[in-house]
Structure formats: structure tokens, C-alpha cells
Amino acid sequence: MHMHKIGDIIKLMINGYTIKDIKDGLAKGHFTAEEIFKKYSDKIRKENKKLNAYLSVFEYQKQKFEIQNSKFEIPPLAAVPAAIKDNILIDGTVCTAGSKILKNYISAYDATVIKKLRKTGATFLGKTNLDEFAMGSSTENSAYGVTKNPLDITRVPGGSSGGSAAAVAADLAVFALGSDTGGSIRQPASLCGVVGLKPTYGRVSRHGLIALASSLDQIGPITKNVYDAALVLGAIAGHDIFDSTTVPGVVPDYTENLNKDIKGLRVGVPKEFFAMPTGRQGEGLEDEVNQKVQESISKLKNLGCEIVDISLPHSKYALAAYYIIVPCEASANLARLDGIRYGHSAKEAKTLLDTYLESRSEGFGAEPKRRIMLGAYALSSGYYDAYYLKAQKIRALIKNDFDDAFKKVDVIVGPTSPSVAFKIGEKASDPLSLYLSDIYTVPINLAGIPALSLPCGNGKASNLPVGFQIIGRPFDEETVLRVSYQLEQALK
Amino acid sequence: MISDKEIRHIAGLARIKITEKEEKGLKKDLSSILEYIDKLNEVDTTGVEPLYQTTGLADSFRKDEPRGEFKMDESLNEKLIGQAPHKENRFIKVKSVFERKK
């Protein structure tokens, strides 16, 4: 890096490089792809001990566009150093999913999102920490220790993509990939003060993502601003023959319409999000979060949006349905970890059954055990109708609520999480209280629709970031991103 | 409340060996989660079709032809079979399923 104007320097101190900064720096010859990668690597080596955001780091690999003749167009994410959640496979490198059972597992191929990012020129700094098999909302469930929130290291970064969100917030990466089954991109983005986008189910291929709940999982970007989220989504989205849930068709340029104003757009505010009865003391929407969310809604009004009161009557049942569906699907997905083909295998096992029982007992942590057993129970003979079928019927009602609402409005807004970042250990002893921090994000996964968490300022009491959630129609990430971008500019 | 017997039965189904201490904790945790989940019964779902996926895609067929993305050679074989804890040449070894007659 050479000369910088004073304004630039201040910006770098606050949140480091955006994708556009990298593009500009590269074009002006301020640094090469290798130099900017090394700058980040060095920073990670220095600061990761404190945060535990990364589980592994990589050496620099020469990029295709560097070798090619300069006549070729520079790809959109050229030389942009990224962090990848450690449940996404990168060929030839360890992928732990935050679990002891995959401690030494080496990926045999690249996930589709990795292949796509390689094509667009991104480089990979390393793999980030997560709750074991993406089961959690605080990154405290990782077998490799908790990740700390860079804004206050006595607090959690959220989860399960806590390592990815912390890495972006601390500028230990320009952007990161996370995965979101019930809020695992948006909630940590909210708690760390960065942007997190869960795309529509079917928008991004999950080939090479270690599955948690296959009917809900989606990969998405965690970035420093909305523009970057639009760029990264464009790079990773699209149909993939390796994931039959991806939809065919052209991926739009998500950055194209960000600048269009949002006058006359109808913004729905669901009354249930502001009076969500959880039945547990102290688990409602925090005042300082509510205050910031209301301020953002006023801003949208100032930008010319029409604010419409709406109702999502079944959203209060989303979390209960979710905690049937996820354990059921997880118990099936994690059945493959049996100590036979890969992963941890119990040394003392005498019979084949013992190999299964002991490998899984030694390899899985408390939360996967809890969820696998809950799933096995709900799917066991005689219980299917009462639990899994019932939950999928409730899911249909939740989806209907959103379909009805989107006849009246273009986007729906509200809080991402009921609270700001909480203290490490605060919710560790009661799994249910931790589950409740996903109360606003879970309904979106059940309905399969896109949503983005935008930092909308710090809470008055805690001075910690609050996330504002913008929810869109299926496959209408464009409007979600446009509203987010316009609001982001207005909040500056 | 889930009984001790049920917890042991579920652990068996899930193929997880649990200690007595884990059994106690799981009994408490699973019971409290199931109690929370019980609120689903407040909702009348008569006549509601379950929703298993949201994209509306049905019968996503592709041509049944080799794609050449994964060519089995020694290196891929090593990547896949090489990670098995017990193996012999390019085969995974497992403990016997049936007992031999003596």
C-alpha cells in the first residue's frame, strides 16, 4: 500500500477493506493479489489468538488472472481475500464442521460455491469457527473453543457462523461465507455489526456444504456493506446439477439496481415481531433493539416507503416447528458419521455395533447428541404424525402467512435478533433460552425466502450493534438488497 | 416427561452410547424442549397439506450420462478410501456383521 488520503486511512481503521477497495487498490497498483493476501494473513496470525475466529489458515496460491495476459478482463472478486465457514469443503484441506468427529477429515473436492468463487478470483484465507455442525446461536458449541465478539471479547459473536462474522467485523477478511439454517448468517452478522444475507432456498448450491437440515440450509455472504453482499451473491448463485434444489435460470446482476430509489415501496411491519410471546421471563424484544428498529422504520418512511401494518399469525409457532424439523433432518444427515468411512473411529470397539455407538459417543458434542436424539425420538415409530408431520403442516401455515403478506407489501422488516450480543456463558446452561435468540430468523427459513441483516446503529444501553432484518419475496433478493442499500446510505 | 427407559431406547436408535450422567441431562433437556414444542397442538391443522420444500420444483431430472467431474483414479481413491480408519488396498474394512458358526 502506498499513498492514502486521510479519509481513506480513517475508513481503514474502522472496518478495513471492502471489495471495491481491493478492486481499486489492485487497479491502481497499490498492492498485488499476493501482497493483500499476506497483509491479511499476517493480521490473522497476530489477532486470531484473541478471537479464535479461524480454525485453520492457508498459504497463498497464485491466481489464474495473475498468470493470464492483462488483456483479459479482471474478474469481479479478483484478489479479494475471503474467510470460509468450516462446514464448506475446500479440496485437499481439513474440514471439521466444528466437531471432534471430523477433526482430521480432508475434503475430497471443492464445494460449488468455492469453485464459483475461484472463478471470480477470490482467494481463501482460511476456515472459520462454528457451532458444531452449525447447531447453535453463539459459537459456544464448537469443539474448538468459543469465538469472541471483536467488539467486546467477553461476549459471543452469535452463531452458528460466528467465526465468519467475527472475522469480517475484525477485518480479518474482506468477506466471508456462512450457512444459514435458522438464522446462522443473519444473527451473528447482527451481533457483530456486519451485513449478512440468507438467499432464497434454491438460489445457491449446497453441494459441498456439510448438511444440517437439508430442507432449510442455504449458503450466503457476510460482508462489510450491502454492495459487497450483492457482489458475492452474484458470484455464488445459480443452478447446479449437483444440487437439485437449485432453480434454473439466469442470475441477475444484483448490484445493478441498488441505486434506484425506493419511493412508493410498500414495507410491511408484522405486529407479532414486536410482541412475540415467548412465555419466558426476560426473553422478549429488548428495548434498545426495538428503539433502533423503530428508527430504521422511520428512515424508510422518510425515503418514501409506505409503512404497512401486517400480521404473520403463525410466526409464533415457527421456533417450535423448527425444533422438530431440524433435529429430524439432522439425525438423518449425521447418520453417515459412523466411524467406518471417515472421521473419528473408536479404537476400543469390539463389534460393528460398538464401532457405531462408541465412535459417535466420543466424536459428537452435547448439542449434536441432543438434536440427533430428539430427531430419532420424533421420527420413531408412532410419533411421526404427532411431531414431524404436524411441524410440516405448521410450516405450510407459516409460508401461507408470508404469501398473503407479500400480496400487500414488497418487503417485510423487523429485528434480526431480540437482543444485542450476550455474554459468553450467559445462555450456555439452558439450550431452550439460546434457541429463542433465533425467534425472528427461523420463520424465514421455514418459508424459504430471502432476508438480510443490516447493522442499524448501536443500542443506547449497551452501545453494541443492532441488526435490522429486511425480508423479501422468494427469489427477489434484488429488492431486499435495494432496500438495504438505500437504508444503509440513509443511516450513514 | 421422558422416562429413563425411553431415553435409553432413543440413544440406541440414534446409535449413541450415553453415560448415566448424560442420560440425566438429556432427560431434562429433551423433556423441556418437547414441552415447548407441545404448543404446536394449539394450532388446528385439519386439512392442511404439509410443506416439505419451498421452491416448488418437482422431478428435477437430469440426463443419466457420465459428467466426468469425478474421475476415479489413484488420487481420488486415496482421498476417499484413504480416510477410512480401517482399510486394505482400495477397500474399507468393517467388523463382521454375522457371527461365524463354530
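A residue counts as buried if 20 or more other C-beta atoms lie within 10 Å of its own. By that rule, buried residues make up 14% of the 102 residues in chain B. The model is predicted.

Start with chain B. Along the sequence its pattern is α-α-α-β-β. That gives three helices and two strands. The C-alpha trace spans about 55 × 50 × 30 Å along its principal axes.

Now look at where chain B meets chain A. The contact takes 40 residues from chain B and 53 residues from chain A. Helices H1 (4-13), H2 (20-37) and H3 (74-81) of chain B each supply at least two residues of the side that touches chain A. H2(B) gives the largest share of that side, seven residues.

Turn to the sheet of chain A. Eleven strands form an open sheet with mixed pairing. Read across, the order is E1-E3-E2-E4-E6-E5-E10-E11-E9-E7-E8. Strands E1 (54-57) and E8 (306-310) of chain A stand at the edges. Each has a single partner strand, so one side of each is left without a neighbour in the sheet. From one strand to the next, the twist averages 30°.

Follow strand E4 (residues 175-180) of chain A. Six of its six residues are buried, so E4(A) is largely enclosed by the rest of the structure. Both of its faces are covered. Phe175(A), Leu177(A) and Ser179(A) are buried on one side. Ala176(A), Gly178(A) and Asp180(A) are buried on the other. E4(A) also has two partners to trace. Strand E2 (residues 81-85) of chain A pairs with E4(A) in the parallel sense, over three bridges. Here Ile84(A) has Leu177(A) as its bridge partner. Strand E6 (residues 218-223) of chain A pairs with E4(A) in the antiparallel sense, over five bridges. In E6(A), Pro221(A) is the bridge partner of Leu177(A).

Next comes strand E9 (residues 411-415) of chain A. Five of its five residues are buried, so E9(A) too is largely enclosed by the rest of the structure. Five bridges join E9(A) to strand E11 (residues 465-472) of chain A, and the two run antiparallel. Across this pairing, Gly414(A) stands opposite Gln469(A). E7(A) and E9(A) run parallel and are joined by two bridges. There, Gly268(A) stands opposite Ile412(A).

Strand E7 (residues 266-270) of chain A pairs with E8(A) in the parallel sense, over five bridges. Val267(A) stands opposite Ile307(A) in E8(A).

Finish with a helix. H3 (residues 33-51) of chain A has 19 residues. From its first C-alpha to its last it reaches 25 Å, close to the 27 Å expected at 1.5 Å a residue. H3(A) bends by about 40° at Arg45(A). Which residues of H3(A) are buried? They are Ala33(A), Ile36(A), Phe37(A), Tyr40(A), Ile44(A), Asn48(A) and Leu51(A). Asn52(A) follows H3(A), and its phi is positive, near 55°.

Note on methods. Residues are numbered from 1 along each chain as its sequence is written. Chains are lettered from A and ligands numbered from 1 in the order in which they are written. This is a predicted model: local features need pLDDT of at least 70, side-chain atom pairs count only at pLDDT 80 or more; totals for chains, interfaces and linings use all residues. Helices (H or I, at least four residues) and strands (E, at least two) are DSSP runs, numbered from the N terminus. The expected span of a helix is 1.5 Å times one less than its number of residues. The bend at a residue is the angle between axes fitted to the seven residues ending there and the seven starting there. A residue is buried if 20 or more other C-beta atoms lie within 10 Å of its own, exposed if 12 or fewer, and partly exposed in between; C-beta atoms are placed from the backbone. Two strands pair if DSSP finds at least two bridges between them. Axes are lines fitted to C-alpha atoms, for helices over the stretch in contact, and angles run from 0 to 180 degrees between N-to-C directions. Two residues are in contact if their C-beta atoms, placed from the backbone, lie within 7 Å.
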